[in-house]
Amino acid sequence: MPVIAVHGEKLSLDSVTFDAAAGVFKLHSSADQSSILTFEYVLTPHTDYQPKNYTLHLLYNSKFSENDIFQVYERDLNKRIGWIFPLQSLLSTDHDYAENVHFLKYAFVAFQKLLTNVNIALDREINDLRKVYDADSTIVLILSNQTLPDGFPFQFYLPALFKYGYYFKYVKDFHSITKPPDGTKVHLQQIASPLQQEDYLTELFEALIYEQHPLVKFHLLYQVIELLIEKVLRHEFKAVCDELKAVCDKLEEKKIYIHDLQEHIKDFIPEEKRIKKLFSDYEKNLDIEDLRNQCDSLLQAIGKAEQTGEGIAKSLYAVRNFIVHDYRSLPKLQIDTLKDINSHFEILLVDMLLNLEMPPI
Amino acid sequence: MSTKNTTMNIVNKLFDERINAMNVLLQMSVKDYVSIGNSITAKNEFQRARVRRSSSVYQLLREDLKSGCLMPPIILAIKMEGMQGNSNPKNITDKQILSLVKKTDNLIILDGLQRTFTLIDLVEELKKPGDGSLDQFYARPLRVEVYLGLKKIGVLYRMLTLNTGQTPMSTRHQIEILYSDYLTKELEGIHFFTEANGQRVQTVGDYQFKDVVEGFLSYLDRDELGITRSELLENIQNLDNLSKENRDSDVFEEYITSHHSFVQRIDELSNHWQFNPDDCEPNKISGPFGKTCVDFFTKGIALSGYGAAIGKLKDKGVIKDFDDLKATIKQIRFDGAPDEAMCTFLVNLSHIKDNAKKIGSAQRLYFTYFFRELFNKEGDSFLVIEQAIDNGFKKYQYELG
């Protein structure tokens with residue numbers, strides 16, 4: 001709730017009303033009726049919706065245009081759950097949605113919630129939302145509570161939002177190859193259910209992924225591979241355990257194929273093999289070419305061409321080993337290649353987190 | 001207003017050489033002034049807006065007024081049309097002055113609108129007790145300054161340089177007040193609409209008044225972005241430009257009549273162009289900026305670009321004055337098919353809409369470059385509309401980097 005200083009005292013502006021005749025929102029204090037801040041609302045007001053039925057999230061990216069206004073669809077629910085748009089879209093009637101009633105209903109609620117969400121001290125001179133929020137980089141995501149299940153896990157959608165270029169926090173000069181949505185809709189999906197208990201992923205997309213130093217960033221991103229191949233290890237181990245149990249249950253009857261068992265275990269114990277298994281059995285339809293090419297480019301530059309051309313698992317693992325053991329030898333000219341690797345790596349990871357499927361045992 | 005029971009006296013008359021106007025200091029009763037104030041605010045829609053900021057300052061003022069405090073003079077002006085033939089304010093008699101003031105039709109409040117509302121509200125408050133406090137308040141003296149025989153641009157200049165008042169008016173508001181009489185009179189085929197009367201721009205000569213004000217502000221400021229509704233103009237550059245304007249002519253009138261002649265010319269040259277989706281590449285146009293020449297070029301965005309461009313060209317000496325500009329407008333032409341040129345214009349504006357962080361600012365910039373290209377005698381696109389569209393867009397893109 002915003003506060004305002006009056007004669008040295010802090011007053012909460014705990015009431016918001018809309019003056020239709022003047023076209024302004026008014027922030028009041030119930031304690032002091034004369035304390036009012038007004039904010040002009042330039043869009044056509046549609047007051048049908050109640051703010052308490054909507055949830056507002058703020059995301060960031062300074063590269064979006066005023067006209068980048070999208071409906072938000074949830075893939076599994078298969079319905080529209082809200083809208084996402086730059087804050088600038090609330091401050092202008094020049095975009096394509098200025099007369100779209102559906103947008104305008106959400107916009108009205110969003111503006112009101114933006115006013116009540118302010119947690120800083122205001123002064124009487126502030127009458128423009130641009131003075132409270134950074135209109136150049138702030139993105140508004142407004143969701144209808146009625147379309148969402150109870151306890152809607154917003155953090156599970158951070159990777160999908162990231163891929164579109166909607167970032168959880170604002171970092172100046174954060175470089176990424178994320179792409180804004182095509183068309184009029186943003187389709188969101190949660191990260192795969194085997195990963196939903198992993199707190200590291202929330203931490204990654206809330207903060208760590210905005211790390212600028214390429215070495216640190218690579219390590220932080222590679223932790224996701226470590227996490228995923230841990231899942232592979234456990235899943236494969238379970239398969240072995242089940243197999244062993246079946247044999248033990250009928251020890252006298254069952255033939256024990258020692259060699260097959262050994263080969264199966266050898267297939268997933270070494271890290272590189274687990275990475276290969278991850279890409280071949282646990283992830284489908286990934287676009288790995290750009291990352292592989294960037295990895296091979298770096299490997300060639302550091303004299304490890306023999307480790308290139310054999311697939312993403314080998315190339316990525318080779319880069320990882322170099323970074324861990326020999327970063328000090330990385331030529332300065334290759335820092336940009338490492339940055340490019342990170343850019344493609346983070347996008348690929350999003351796809352992996354969304355598409356991970358445990359194969360049948 | 002009745003001439004009986006008035007206590008209106010002329011205290012002093014001084015001539016302002018800078019703006020060529022007589023300034024008359026009057027003393028009158030609160031009753032006299034409240035009557036004037038009610039009349040002005042009732043007749044002029046632009047003088048009805050009450051302050052949006054916190055009312056605690058005015059609450060304090062109400063209490064102080066009850067206690068007999070003296071306010072600084074409220075400043076009024078009598079529009080030139082209201083001078084009743086008294087073209088030389090130096091020769092006007094005191095009797096004529098009082099007669100002009102009492103005829104409130106041509107009065108505007110330059111400074112003191114919110115104080116006027118405070119006085120009106122206080123009168124309403126004091127009517128209720130019926131204890132004689134109203135009569136006592138009515139009898140209190142009040143000082144009022146009135147400017148006589150002032151051309152509008154001189155008024156604007158004086159308002160900006162004085163910059164007095166507890167609640168400064170925005171330049172936009174000041175311009176709306178000054179030129180509000182155009183809402184009821186025809187000007188060379190031009191008609192102004194307001195949001196209140198709900199009419200739409202349809203034929204050549206139709207304008208939304210607020211868009212014209214926006215464009216005029218851009219001309220004064222030499223900046224297509226102009227000033228927002230709630231900001232006070234403190235731009236020294238603006239004052240400097242204003243001071244150079246010819247105070248004998250009505251710049252606002254010249255601005256809008258020149259624009260009107262441009263719209264007439266391009267509408268005629270294009271054979272009354274109308275947007276036809278079949279003629280343009282539809283996948284490149286997301287919502288056409290305008291569907292006719294009138295719709296296109298009378299939008300606030302276009303008017304702002306026009307104003308800023310003309311202002312800048314005037315400052316550089318490329319355009320001598322508005323007469324020079326009108327002569328240039330008569331020569332503009334399409335070298336190729338007008339439909340194609342207008343489609344290109346639409347595609348460019350649509351591209352801006354899809355890619356700009358702030359659509360309005362970006363499109364205003366493009367229009368500024370378009371008009372500069374079109375009217376710059378020293379440029380490659382001089383008089384040729386297609387070239388101005390293309391080269392203006394290139395300059396816009398270059399500006400963005």
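1. What percentage of the 401 residues in chain B is made up of buried residues? The share is 42%, where a residue counts as buried if 20 or more other C-beta atoms lie within 10 Å of its own, as exposed if 12 or fewer do, and as partly exposed in between, with C-beta atoms placed from the backbone. This is a predicted model, in which local features need pLDDT of at least 70 and side-chain atom pairs count only at pLDDT 80 or more, while totals for chains, interfaces and linings use all residues. Residues are numbered from 1 along each chain as its sequence is written, and chains are lettered from A and ligands numbered from 1 in the order in which they are written.

2. Chain B has 16 helices and seven strands; here helices (H or I, at least four residues) and strands (E, at least two) are DSSP runs, numbered from the N terminus. Among contacts in chain B between residues at least 6 apart in sequence, those that join residues at least 24 apart account for 75%, a contact being a pair of residues whose C-beta atoms, placed from the backbone, lie within 7 Å.

3. Helix α12 of chain B, residues 300–315, has 16 residues and reaches 22 Å from its first C-alpha to its last, close to the expected 22 Å, the expected span being 1.5 Å times one less than the number of residues. Because 14 of its 16 residues are buried, α12(B) is largely enclosed by the rest of the structure. The helix is followed by G317(B), which has a positive phi near 80 degrees.

4. Helix α16 of chain B, residues 385–400, also has 16 residues, and spans 23 Å from first to last C-alpha, close to the 22 Å expected. Its buried residues are I385(B), A388(B), I389(B), N391(B), G392(B), F393(B) and Y396(B), and what covers them includes α14 (338–355) and α15 (359–375) of chain B. Just after α16(B), G401(B) takes a positive phi of about 85 degrees.

5. V294(B) is found in helix α11 of chain B, residues 293–297, and is buried, with 22 other C-beta atoms within 10 Å. Although V294(B) and T203(B) are 91 residues apart along the chain, their C-alpha atoms are separated by 6.4 Å. Leaving aside neighbours within four places in sequence, V294(B) is in contact with V201(B), Q202(B), T203(B), V204(B), D206(B), V263(B) and D267(B).

6. Turning to chain A, an open sheet of five strands has the order β6-β10-β8-β7-β11, with mixed pairing; two strands are taken to pair if DSSP finds at least two bridges between them. At the edges stand β6 (54–60) and β11 (185–188) of chain A, each with a single partner strand, so one side of each is left without a neighbour in the sheet. Neighbouring strands of this sheet are turned by 25 degrees against each other on average, direction ignored, with axes fitted as lines to C-alpha atoms (for helices, over the stretch in contact) and angles running from 0 to 180 degrees between N-to-C directions.

7. Within that sheet, strand β7 of chain A, residues 70–74, is mostly covered, with four of its five residues buried. Five bridges pair β7(A) with β8(A) in the antiparallel sense, and the bridge partner of F70(A) in β8(A) is I84(A). Four residues lie between the strands of the β7(A) and β8(A) hairpin, in which N78(A) takes a positive phi near 55 degrees. With β11(A), by contrast, β7(A) pairs in the parallel sense over four bridges, and Q71(A) stands opposite K185(A) in β11(A).

8. Strand β8 (residues 79–86) also pairs with strand β10 (residues 138–144) of chain A, in the antiparallel sense and over five bridges; G82(A) has L143(A) as its bridge partner in β10(A).

9. A further open sheet in chain A, of three strands, has the order β3-β4-β5 with antiparallel pairing. Here β3 (15–19) and β5 (36–40) of chain A stand at the edges, each with a single partner strand, so one side of each is left without a neighbour in the sheet. Five bridges join β4 (residues 24–28) of chain A to β5(A), and H28(A) stands opposite I36(A) in β5(A). Helix α1 (residues 101–116) of chain A packs on the sheet, touching β3, β4 and β5 of chain A, and its direction makes about 30 degrees with that of β4(A).

Methods
Two residues are in contact if their C-beta atoms, placed from the backbone, lie within 7 Å.
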